[in-house]
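Here is a short briefing on a ligand site and a salt bridge. Look over the sequence and the model first.

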Amino acid sequence: MKTWKPDSWRSKKISQLPTYPDLKKLTQIEQRLSTYPPLVFAGETERLKTRLADVAAGNGFLLHGGDCAESFADLNTNTLQANFKILLQMAIILTYALKKHIVKIGRTAGQFAKPRSSDTETRDGVTLPSYRGDIINGFEFEKNARIPDPDRMERAYFHAAATLNLMRAFAQGGFADLEQIHAWNLDFIEKSPQGQHYKEITHRVQESMSFMNALGINGKNYSQIREIEFYTSHESLLLPYEQALTRQDSGNWYDCSAHLLWIGERTRQLDSAHIEFLRGVSNPIGLKCSSQLDPDELIRLIDLLNPQNNPGRLTLITRFGHEKIEEFLPGMIKKIQAEGKQVVWCCDPMHGNTLAASNGYKTRNFQHVLNEAQKFLAIHEAQGSYAGGVHFEMTGSNVVECVGGDQEITEDHLSSGLYETLCDPRLNANQALELAFKLIA
Ligand code: PEP
Ligand code: CO
């Protein structure tokens, strides 16, 4: 196999790359970004790999979630804090039920680039380039906004840095201290059945903590009580940005834009630029797997991405859809078992369950999401395989984007003004908690 270099992807076939009209500016920005400090450090990504290796061995569970597409406009404390809180709450619910360490990874601090099925979008007879995420062009349906602008890569870097800074403060500065567990409940869900149910768990955790405190086990002497490990991730899509943030450390290359990078459904062809880029960086990586991915091809992808078969390096994020998972997942599991591949199995019950509502809104049905996740757990159990984690598009905000759930959101509610996503519909905070509770019920 040819030697890998941070730019060897440039000689491969690439899809989903925007056409930048100003190539000189693109080169200037790439150049500048390549001199900026890394956003994450090699040691952190290595630690995440060891955590994921534990998950692969059945000794932990992965909770991976956040926005479909982050937006520059959402860079404010309230939104970020709500997202962080909901992830913490779900993690506590899962820890309590599964009695396992929960590895927490946000789709955040860099989830700015979106793959699109169509290069253009037409509204009322006007056709413009599709919106590809804030790192590439503007959401507004307006000619200038939709022109890919390399300056946005630099803005994305600073937005990611500010987001990460706050996340690190939340994770290690006292907010995630288990003694604060009561404060993680979001005001608007406190009175809902989910909020009440969550309160019961916080009481039980507080009881256990008082008991442990009496034994001298508390946040003062145990960092596991006082702080959490929180990791970032995004789709490795905009390769000029990813390459510009790639750095060498102790002889290995790391993409220092996030701890974990994943390869999306639309860019995972064996000879693609995206596979070429990610095979050479040492970060833990995710690979989206759908019914379109033949198990033999999956093995060839794994041989490229993880030739040493190291546990923790590769997470398979399956996204079949609730109607297809039973047809496709068992065969995929059998193939992985037969070939002895070390992977973390993670379920994305979002991307195979996207629907067009009768009023035109892109939505997802809570029940379909829950069904796929439940089937994922049951199928792994039946196959003697370990269901290692879940991957959700969700937000801590009180949005109305997915239908169903205890709130009984209907298609009519989608036009109520709380449909805010820039791309795919997310579970709102209530739906996310409800899902966590129902998954472990
Ligand atoms: C995503 O995770 O936002 C996404 C686009 O997923 P997929 O590549 O699986 O369609
Ligand atoms: Co999405």
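Ligand 1 is surrounded by Cys 68, Arg 107, Lys 114, Pro 115, Trp 262, Gly 264, Glu 265, Arg 266, Lys 288, Arg 319, His 351 and Glu 393 (a residue counts if one of its heavy atoms lies within 4 Å). This is a predicted model: local features need pLDDT of at least 70, side-chain atom pairs count only at pLDDT 80 or more, and totals for chains, interfaces and linings use all residues. Residues are numbered from 1 along each chain as written, chains are lettered from A and ligands numbered from 1 in written order, and side-chain values use heavy atoms, without hydrogens and water.

**Ligand shell**
- By class, the shell has three nonpolar, two polar and seven charged residues (Asp, Glu, Lys and Arg count as charged; Ala, Val, Leu, Ile, Met, Phe, Trp, Tyr, Cys and Pro as nonpolar; the others, Gly among them, as polar).

**Ligand contacts**
- An oxygen atom of ligand 1 is 2.8 Å from an N or O atom in the side chain of Arg 107.
- A polar backbone atom of Glu 265 is 2.8 Å from an oxygen atom of ligand 1.
- For the side chain of Arg 266, an N or O atom is 3.1 Å from an oxygen atom of the ligand.
- Taken alone, ligand 1 exposes 290 Å², and the protein buries 97% of that (Shrake-Rupley method, 1.4 Å probe).

**Salt bridges**
- The structure holds 28 salt bridges (a side-chain nitrogen of Lys or Arg within 4 Å of a carboxyl oxygen of Asp or Glu).
- Lys 13 forms one with Asp 271; the closest N and O atoms are 3.2 Å apart.

How values were computed:
Polar contact = N/O pair within 3.5 Å; in protein donor to acceptor, adjacent residues only side chain to side chain.
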